[in-house]
Amino acid sequence: MSAVPAASSTPAAASATGTRTPSLVARAWPVARGAWVALAQPHARAAHDSSGGRWRRLADRRASRVAAVVALRLARLAPDTACVSRAHSAGAGAAAVAPAGWRVGVDVTPLARVTARHALTVASDAELALVCAVVGATDAAALLWALKEAAVKATGTRGLGAMPSWIIRDVGASHADLADTASNAFVTAGWLIDSGHACAWVLAPPAAA
Amino acid sequence: MSADSTVVAGPALLEPVSRIVAEVLMVPRGSVTPSSALVADLGAESIDFLDLVFRVEELLGRKIPISRWEEFTIARFTGVDLARAITTAVVVEFAELERDRPAT
């Protein structure tokens, strides 16, 4: 990729400076000093997949790799000196990068993919209502899922079983606070809803670990 | 919740579970084999595993707490690359365990 988006202090502004490659649209924004998040979307032709989903999934996975390259370049980090988290889902790939030693987790989830039934398997009614109050019922389940998944990935736990213990305590216009009842850990996640996807990220420096 | 009685009474769940895997992951049925790794080969995401458990519930006609899937996988695959370890056969084994679990 010969060009990367200009640095921007907010996701919304970064979206406006996204760069278009032959197959992907990428956008990125700084989260903290040396820490960036990038989102890439396969070209629209990936949606017209006649291979039973396989081609689309490969395109999504490639999008997450492109997002990682974009974020690493903007953060001026080499892959072997960075913490990188990647995620991909139908129609999008995301990456979060930070210097070595940081806790990093990112998730991207299509808004239409997550139902209230999914959300209430890993969260309480109160948590879903909290998210719903900020983004509305249509987007709440996907954002809830993305927030919990990002927190789980950043703290190195794995599996669906870790998601219920991460409780969403507060949701703001671009951030959310989560606390883990299993480990007493606490993280602040950033989030963005864009192009039909909920994207959430957790980037915590070593001092906050 | 009503179960498909022919499925519940049958000795093996390979075919119906393979069909579920194909439908949930939106891949051709022919690409789903017992050794297919759901993540590494078929592109499954975390939320897909919830849908698999939901569909196994419908297949068996009984509620399955998601914690049972977690317990099942943790017991077998601690320290293992889950992306490679969880195959169609693993889901079949889980479904068979749930099918044979005494009603409480």
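This is a predicted model: local features need pLDDT of at least 70, side-chain atom pairs count only at pLDDT 80 or more; totals for chains, interfaces and linings use all residues.
## Worked exercises: strands, cysteines and helices

A:Ala176 stands opposite A:Ala189 in β9(A).

**Exercise 1. Work out how β8(A), β9(A) and β10(A) are connected.**

Step 1: Start with β8 (residues 175–180) of chain A and β9 (residues 186–194) of chain A: five bridges hold this pair, and the sense is antiparallel.

Step 2: Look at the turn. β8(A) and β9(A) make a hairpin with five residues between them, and A:Asn184 in that turn has a positive phi of about 65°.

Step 3: Move on to the next partner. β9(A) is also joined to β10 (residues 197–204) of chain A, again by five bridges and running antiparallel. Here A:Trp191 sits opposite A:Ala200 in β10(A).

Step 4: The hairpin of β9(A) and β10(A) has two residues between the strands, and A:Ser195 takes a positive phi near 50°.

**Exercise 2. Find the partners of β5(A) and say how covered this strand is.**

Step 1: Take burial. β5 covers residues 92–99 of chain A, and seven of its eight residues are buried, so call it mostly covered.

Step 2: One partner is β3 (residues 35–42) of chain A, paired with β5(A) in the antiparallel sense over five bridges.

Step 3: Another partner is β4 (residues 82–89) of chain A, which runs antiparallel to β5(A) with eight bridges between them. In this pair A:Ala82 faces A:Pro99 in β5(A).

Step 4: β4(A) and β5(A) form a hairpin with two residues between them, where A:Gly91 in the turn shows a positive phi of about 90°.

**Exercise 3. Why is A:Cys83 too far from the closest cysteine sulfur for a bond?**

Step 1: A disulfide is a covalent bond between the sulfur atoms of two cysteines.

Step 2: Get the distance. The closest cysteine sulfur to that of A:Cys83 is in A:Cys199, 18 Å away, too far for a bond. The cut-off to hold this against is 2.5 Å.

Step 3: Over all chains of the whole structure, zero disulfides turn up.

Step 4: Is A:Cys83 buried or exposed? A:Cys83 has a relative accessible area of 19%, and the limit for burial is under 20%, so this residue is buried. A:Cys132 comes out at 29% and counts as partly exposed.

**Exercise 4. Describe the helices of chain B, then the crossing of α2(B) and α3(B).**

Step 1: Count the elements. Chain B has six helices and zero strands, in the order α-α-α-α-α-α from the N terminus on. Of its 104 residues, 48% are buried.

Step 2: Check the length of one helix. α6 (residues 88–100) of chain B has 13 residues and reaches 18 Å from its first C-alpha to its last, close to the 18 Å expected at 1.5 Å a residue. Its buried residues include B:Val91, B:Phe94, B:Ala95 and B:Glu98.

Step 3: Set up the crossing. The axes of α2 (residues 14–25) of chain B and α3 (residues 46–60) of chain B come within 10 Å and cross at roughly 140°.

Step 4: Classify the angle. Roughly antiparallel would take an angle over 145 degrees, so α2(B) and α3(B) are oblique to each other. Their crossing is right-handed.

How values were computed. Residues are numbered from 1 along each chain as its sequence is written. Chains are lettered from A and ligands numbered from 1 in the order in which they are written. Side-chain values use heavy atoms; hydrogens and water are left out. Two strands pair if DSSP finds at least two bridges between them. Helices (H or I, at least four residues) and strands (E, at least two) are DSSP runs, numbered from the N terminus. Buried means under 20% relative accessible area, exposed over 50%, partly exposed in between (1.4 Å probe, protein chains only). The expected span of a helix is 1.5 Å times one less than its number of residues. Axes are lines fitted to C-alpha atoms, for helices over the stretch in contact, and angles run from 0 to 180 degrees between N-to-C directions. Angles under 35 degrees count as roughly parallel, over 145 as roughly antiparallel, 65 to 115 as roughly perpendicular and the rest as oblique. A crossing is left-handed if the near helix is turned anticlockwise from the far one by less than a right angle, and right-handed if clockwise.
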